[in-house]
Amino acid sequence: MHTYLEIVVGVFVALGLGALILLSLQVSGFGSEGIDGYQLSARFSNVGQLKPRAPVRMAGVKVGLVRDVTVDAATLEALVTMEIDHRFSQIPIDSSAGIYTSGLLGEQYVALQPGGEDSYLQDGSKLEFTSSAVVLEEVISKFLFSRAAGDD
Amino acid sequence: MTAVLELLQALGRRTLVAFARLGRSHMFLFRLCVALPGAVHRPDHIVRMIYMVGFLSLLIILVSGFFVGMVLGLQGYNTLIDFGAEESLGVLVALSLVRELGPVITALLFAGRAGSALTAEIGLMKTTEQLAAIEMMAVDPMQHVVAPRFIAGLISMPLLAAVFSLVGVYGGNFVGVTVLGVDSGSFWSQMQSVVSLWDDVVNGIIKSVFFGFIVTWIAVFEGYETEPTSRGISLATTRTVVHSSLAVLGADFVLTALMFD
């Protein structure tokens, strides 16, 4: 009876701890988040709604994530720090970065467009060519102003 | 004139009784904390109590978790499909469960399933003067009766909440992916990219530990304070469920405001 009790409680505690571990790994994706990678940075004139932990994609496939989004005090541009998985270490040095939205209401992500150079980006490199996030209000106002100009 | 005075006196008496009770519950908690180290030396008592409090609550937690997850999946899908955002179903289900529903519903079920049993058991021990008999044998009932139950509640509650949340996520996955046809890859990947370990999962666990503390504390206190009659036991059991449910919901608001800005 006593051993039965202990076995049952052991099963219960193991189940609970297993659920905790599964919650951390499966639901929060902790294992996939803690990528061991190298850092890249890029300056954008506007990052839109880009947040830390947003994915970095190349050809649509996730290759890393955004670590930090701040404003560079000197140039007053947004400075985005990204961490790229070591498996993707051969990204040409003249690659460009853009900020896009997945779907109409989806999250924003950084897309890397590979360039053609033979030398590769390394830890701490900076992406020189960037295109900013599309801000819907700007697009609409441009459209309206061009309409107004066309009416004259 | 005397009627008004009597009314005021009744109000004053009720207030004083309520505060005296609150004060006694904190004195009780202090004595309980003093007795805790002694109780740790008898792990077999704690194991028996974890069986009573935790393992026997497992079935109700599993079943309710799965159903709550399925309902979240169904309701979330019906709302999200209007915006073409049904891929975010995993995020909705996981965040609601891990942050709020897991700890809160588990605590409410725990109060009804385990808290009431603790109160009734200790209350009956007091009514049949078993507690007094234990004390007569120079054994501290705090250390041998109350403390093991308290520790078992503290250990069981976070484990039950974790099981609830996990089963709920799979319930949402079952309805969303298997029945309604949301893409399995985006269900999990969006969930994993949005839910964070420290901000969501760990805060949920902190909540469940806190709720376990509240519910078990109220349960053992009400049992220990039971008026030694059959009516007293029934009142104490009811009070445990009502007070701990209210306390959990109130504490949940405070904790949520502190944790999630």
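**Chain B and its contact with chain A**

Biologist: How many residues does the contact take from chain B, and how many from chain A?

Modeller: The model discussed here is predicted. In it, the two chains meet in a contact to which both contribute residues. The share of chain A is 26 residues, and that of chain B is 30 residues.

Biologist: What area do chain B and chain A bury between them?

Modeller: The size of an interface is often expressed as the accessible area that is lost when the parts come together. Of the area buried between chain B and chain A, 78% is on carbon and sulfur atoms. The total is about 2,600 Å².

Biologist: How many salt bridges are there between chain B and chain A?

Modeller: Side chains of opposite charge can pair when their charged atoms come close. Over all chains, the count comes to twelve salt bridges. Between chain B and chain A, however, the count is zero.

Biologist: What percentage of the residues of chain B count as buried?

Modeller: A residue is called buried when its relative accessible area is under 20%. The accessible surface of chain B comes to about 12,400 Å², and 70% of that surface belongs to carbon and sulfur atoms. Of the 261 residues in the chain, the buried share is 48%.

Biologist: Which residue meets E225(B) in a salt bridge?

Modeller: E225(B) stands in the loop between α8 (197-224) and α9 (230-259) of chain B, and its partner is in helix α1 (residues 2-40), 204 residues apart. E225(B) is partly exposed, because its relative accessible area is 24%. The N to O distance of the pair is 3.8 Å, and the partner is R21(B).

Biologist: Is R149(B) buried or exposed?

Modeller: R149(B) forms a salt bridge with E121(B), at 3.0 Å from N to O. This pair links helix α4 (residues 89-127), which holds E121(B), with helix α6 (residues 141-179), which holds R149(B). E121(B) is partly exposed, with a relative accessible area of 27%. R149(B) has a relative accessibility of 4%, so R149(B) counts as buried.

Biologist: Why does the pair of K207(B) and D252(B) tie together parts of the chain?

Modeller: The side chains of K207(B) and D252(B) meet in a salt bridge of 2.9 Å, N to O. The pair ties together parts that are 45 residues apart in sequence because K207(B) lies in helix α8 of chain B and D252(B) in helix α9.

Biologist: Which residues is S57(B) in contact with, leaving aside its neighbours within four places in sequence?

Modeller: S57(B) is placed in the loop between α2 (43-53) and α3 (58-80) of chain B. Its relative accessibility is 2%, and therefore S57(B) counts as buried. With those neighbours within four places left aside, its contacts are R113(B), A114(B) and L160(B).

Terms used. Residues are numbered from 1 along each chain as its sequence is written. Chains are lettered from A and ligands numbered from 1 in the order in which they are written. This is a predicted model: local features need pLDDT of at least 70, side-chain atom pairs count only at pLDDT 80 or more; totals for chains, interfaces and linings use all residues. Side-chain values use heavy atoms; hydrogens and water are left out. Buried means under 20% relative accessible area, exposed over 50%, partly exposed in between (1.4 Å probe, protein chains only). Accessible areas come from the Shrake-Rupley method with a 1.4 Å probe; for residues, only the protein chains shown count as cover. Contact means heavy atoms within 4.5 Å. Buried area is the accessible area (1.4 Å probe) that two parts lose on being put together, summed over both. A salt bridge is a side-chain nitrogen of Lys or Arg within 4 Å of a carboxyl oxygen of Asp or Glu. Helices (H or I, at least four residues) and strands (E, at least two) are DSSP runs, numbered from the N terminus.
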